[in-house]
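I opened this notebook to record, step by step, what I looked up in the structure. The entries begin with the whole chain and end with a single residue.

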Amino acid sequence: MNFAPLPSVDVAAMPSDGFVLDVREDDEWSAGHVEGALHIPMSDFVARFGELTEAADDGRRVHVMCRVGGRSAQVTQYLVQQGIDAVNIDGGMLAWDGAGRPMVTDNGTSAFVL
């Protein structure tokens with residue numbers, strides 16, 4: 001079998017206005033996330049798929065994020081199979097934080113990667 005390589009992007013190459021889909025669980029999201037990201041935990045993803053298609057209905061590329069890249073790779077693969085322009089963010093939130101990219105919390109506390 002021949003599998004196409006999974007489309008991915010380095011954190012440094014990620015556009016500051018890029019559309020981010022965060023598939024981490026609620027406690028991870030609460031600790032710190034990318035401002036403006038859409039949060040749909042991987043465990044809820046299939047049930048909440050419509051939220052993503054609605055948010056990305058303008059054809060924007062979807063940058064999929066988790067902690068290190070494993071869960072987001074699975075979701076990216078699923079999205080690509082559905083015909084959605086999706087890329088996996090290499091290294092996930094750990095790479096995002098390591099690159100000094102901004103993170104926020106919903107309650108105003110210091111953001112960190114859980």
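**Surface and charge**

I began with the surface and noted that the chain exposes about 6100 Å², of which carbon and sulfur atoms supply 50%; accessible areas here come from the Shrake-Rupley method with a 1.4 Å probe, and for residues only the protein chains shown count as cover. I kept in mind that this is a predicted model, in which local features need pLDDT of at least 70 and side-chain atom pairs count only at pLDDT 80 or more, while totals for chains, interfaces and linings use all residues. Residues are numbered from 1 along each chain as its sequence is written, and side-chain values use heavy atoms, with hydrogens and water left out.

For charge I found 7 positive and 17 negative side chains, the centres of the two sets lying 4 Å apart. Lys and Arg count as positive and Asp and Glu as negative, without His and the chain ends, and each charge is placed at NZ of Lys, CZ of Arg, CG of Asp or CD of Glu.

**Fold**

I then listed four helices and five strands, which follow the order β-β-α-β-α-β-α-β-α from the N terminus; helices (H or I, at least four residues) and strands (E, at least two) are DSSP runs, numbered from the N terminus. Buried residues, meaning those under 20% relative accessible area with a 1.4 Å probe and protein chains only, make up 41% of the 114 residues.

**Cores**

I looked next for nonpolar cores, which are sets of buried Ala, Val, Leu, Ile, Met, Phe, Trp, Tyr and Cys residues joined through side-chain atoms within 4.5 Å. The largest has 16 residues, and Leu21, Phe45 and Leu52 are among those with the most contacts inside it. Strand S2 (19-22), helix H2 (49-55), strand S4 (62-65) and helix H3 (70-81) each supply at least two residues of this core. A second, separate core of 14 residues includes Val20, Trp29, Val87 and Trp96.

Taking contact as heavy atoms within 4.5 Å, I saw that Leu52 touches residues including Phe19, Ile40, Val62 and Leu79, when those up to four places away in sequence are not counted.

**Asp106**

Is Asp106 buried or exposed? I noted a relative accessibility of 64%, so Asp106 counts as exposed, the cut-off being over 50%. Asp106 lies in the segment after helix H4 (92-98) and, leaving aside neighbours within four places in sequence, is in contact with Trp29 and His33.
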